[in-house]
Amino acid sequence: MPDVDPASSPIVIDFVGGAVGFRLRSGEGRGQPLPRACGMAKGALPTIVDATAGMGRDAFFLASLGAQVTLIERNPQVHAALDRAMNAACDHSEDLAAIIARMTLLYGDSRDLLQTLAPEVVLVDPMHPERTKSALVKKQMRDLRDVVGADPDARELMEAALAATTHRVVLKWPQRAASIEGLRKPSHQIAGKTTRYDVFVTVPSSPPL
């Protein structure tokens, strides 16, 4: 992947402090909407691919619960920031290093890389439709949107995820936003406060994760 000068990028990712550190210290568990959507509520530890890694928060959370998570990021600046954050967390403590050891970071387009993987679960979190009240969007997410831009290929990514997964695809999407046009209806949905998780089960005849 291309070299990226950290000083030239507005993207800062922190797995030690901030919101991610608070989430870890608060002891959020498998009963939360995301791990439930990924099939982890009953103690299962599926292999998960986060196909749109972004700030890495969801991948870190799932890894902190014991899952093996592969993060795929196609933007070089965001990928470099993730790599720095993961290394910093490893250096900070043994506990964080153990979580990072369950995270594998890849650079590239998920539509291509998913064909080489066989994950039980694929998490897809495209850049969401911009809110009308843009002031509600936190600075980190505004910076990420400025660097990454929109995700016009979200449907293509979902189709690639559905073709690659062995169990389910989880689409993270704003609670009140319209569904991605042309995408089939999910098997079920799990609602959070402002986010919903559309779950697409691909093997309904097998025991659920």
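Predicted model: local features only at pLDDT ≥ 70, side-chain atom pairs only at ≥ 80, totals over all residues.
Helix H8 itself spans residues 154-164, and its buried residues are Ala-154, Leu-157, Met-158, Ala-160, Ala-161, Leu-162 and Ala-164. In an α-helix there are 3.6 residues a turn, so residues three or four places apart point the same way.

Of the 209 residues in the protein chain, 45% are buried. The accessible surface of the chain amounts to about 10,700 Å², and carbon and sulfur atoms account for 52% of that surface. Where contacts in the chain link residues at least 6 apart in sequence, 69% of them join residues at least 24 apart.

An unreviewed UniProt entry carries the annotation "binding site" for Arg-57, Asp-58, Glu-73, Arg-74 and Asp-125. Two of these annotated residues, Asp-58 and Arg-74, are described here in turn. Asp-58 lies in helix H3, which runs over residues 57-64. The relative accessibility of Asp-58 is 8%, and Asp-58 is therefore classed as buried, the cut-off for this class being under 20%. Arg-74 is placed in the loop that joins strand S2 (68-73) to helix H4 (76-92). With a relative accessible area of 35%, Arg-74 is partly exposed, because this value falls between the limits of under 20% for buried and over 50% for exposed residues.

Note on methods:
Residues numbered from 1 in each chain as written. Heavy atoms only, no water. Buried < 20%, exposed > 50% of the residue type's maximum accessible area, 1.4 Å probe, protein only. Contact = heavy atoms within 4.5 Å. Areas by Shrake-Rupley, 256 points an atom, 1.4 Å probe, with all protein chains shown as cover. Helix = DSSP H or I, 4+ residues; strand = E, 2+ residues; numbered from the N terminus. UniProt positions renumbered as here; feature names shortened; annotations may be inferred.
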